[in-house]
Amino acid sequence: MTPSVDSSAGRGWLARLARGRAARGVLAVLGLLLLASALAPLYAPQDPYDLESLDLLDAELPPAWMEQGQSRFPLGTDAQGRDMFSAMLYGAGISLVIGICAVALQLLIGVSAGLVAGYRGGRVDAAIMRVADIQLSLSTLMVAIIVLGLMRSAFGSDRFGALAIPMLVLVIGIAEWPHFARAVRGSVLAEKQKDHVLAARALGLAPMRIVLRHILPNVASPILVLATVQVANAVIAEASLSFLGLGMPATMPSLGALIRAGFELLLSGSWWITLLPSLLLVAIILCVNVLGDAMRDALDPHSVLLSHYPR
């Protein structure tokens with residue numbers, strides 16, 4: 001008899017994920033970064049969004065370990081006198097919040113569309129997938145630039161700045177949902193032919209109950225892995241748009257806005273204004289991608305089988 005993987009093995013992916021050194025390391029880094037960003041108002045040396053607290057006499061001070069650096073600005077200041085350490089803490093939090101919320105919107109739209117397309121099939125499947133194909137044929141960054149440019153012109157700079165976070169979440173989320181729809185649809189097409197789904201249909205269960213109770217839990221693995229990767233992509237998209245001046249305003253800088261703020265000063269000697277936020281952005285993206293790879297390995301059914309039935 002061919003051994004089958006019990007349900008506890010399927011639920012043990014978190015334990016397998018925690019056993020990996022790389023996964024533990026990146027989870028610790030991301031957890032500390034999220035905690036530090038959330039608690040930044042309590043301990044950050046400066047509120048980087050309070051323009052009245054900025055002093056132009058403190059502009060472009062180097063990090064504390066360099067000559068002319070000051071201990072109250074451990075990572076130096078930018079051209080407005082903003083403390084880079086505080087700005088990076090706040091900016092990393094904004095970038096992660098936008099990335100996570102945008103992926104949550106992608107999940108809501110994409111998973112729903114993929115479940116309907118895969119289970120219903122026929123014309124409904126063809127219509128949803130054609131819409132997804134058309135959207136995938138367009139560059140996410142190009143669409144975001146056009147939409148955000150029109151929004152900035154319609155609302156004005158001040159109003160746009162106040163609505164920057166929800167606008168970025170909407171634009172990035174709506175632009176990337178087809179990735180989830182295609183992944184979910186493919187899994188549903190395979191899952192709905194299995195015996196337990198055919199038995200549920202033979203019993204006359206409602207389609208909604210079959211989809212939510214018998215199909216969705218079994219297609220969750222690729223969704224989780226894709227969601228992790230998409231968080232990194234959403235952070236990159238937000239940083240790119242902010243760098244182009246279509247994302248977060250200068251008064252509420254994300255990491256992309258901080259990189260843009262110091263880009264023109266890079267060759268004048270104030271390298272830390274751009275380099276330090278860039279390194280933090282690269283570290284976040286690297287950690288999220290490593291976490292995605294670790295989750296893919298932990299959710300791999302072949303690794304589950306081998307761990308329970310070793311040779």
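## Arg 82 and Asp 78. Arg 82 pairs with Asp 78 in a salt bridge, and their closest N and O atoms are 2.9 Å apart. A salt bridge here is a side-chain nitrogen of Lys or Arg within 4 Å of a carboxyl oxygen of Asp or Glu. Both Arg 82 and Asp 78 are buried, where buried means under 20% relative accessible area, exposed means over 50%, and partly exposed lies in between (1.4 Å probe, protein chains only). A quick note for all the views: this is a predicted model, in which local features need pLDDT of at least 70 and side-chain atom pairs count only at pLDDT 80 or more, while totals for chains, interfaces and linings use all residues. Residues are numbered from 1 along each chain as its sequence is written, and side-chain values use heavy atoms, with hydrogens and water left out.

**Figure 1. Arg 72 and Asp 58 in a loop.** Here Arg 72 forms a salt bridge with Asp 58, with 3.0 Å between the closest N and O atoms. Both residues sit in the loop between helix H4 (40-43) and helix H5 (84-120), and they are 14 residues apart. Helices (H or I, at least four residues) and strands (E, at least two) are DSSP runs, numbered from the N terminus.

**Figure 2. A salt-bridge network around Arg 182.** Arg 130, Asp 133 and Arg 182 are linked in a network of salt bridges. Within this group, Arg 182 bonds to Asp 133 through a salt bridge whose closest N and O atoms are 2.6 Å apart. This pair links distant parts of the chain, with Arg 182 in helix H9 (residues 164-191) and Asp 133 in helix H6 (residues 122-136), 49 residues apart. Arg 182 is partly exposed, with a relative accessible area of 44%, and Asp 133 is also partly exposed, at 28%. In the whole structure, the search finds six salt bridges.

**Figure 3. The second largest pocket.** This pocket holds about 350 Å³ of space. A pocket is found on a 1 Å grid over the protein atoms alone, as an open set of points where a 1.4 Å probe fits, with protein on both sides within 12 Å along at least five of seven lines; lining residues have an atom within 4 Å of a point. Grid points are joined across faces, edges and corners, and the volume is the space filled by probe spheres set on them. Of the 18 lining residues, Ser 242, Ala 250, Ala 257, Arg 260 and Ala 261 lie nearest the centre. Helix H12 (220-243) and helix H13 (255-263) each give two or more residues to the lining, and H13 gives the most, with five. By class, the lining has ten nonpolar, three polar and five charged residues; Ala, Val, Leu, Ile, Met, Phe, Trp, Tyr, Cys and Pro count as nonpolar, Asp, Glu, Lys and Arg as charged, and the others, Gly among them, as polar.

Figure 4. The structure holds zero disulfides, a disulfide being a pair of cysteine sulfur atoms within 2.5 Å. Cys 101 is partly exposed at 37% relative accessibility, while Cys 287 is buried at 12%.
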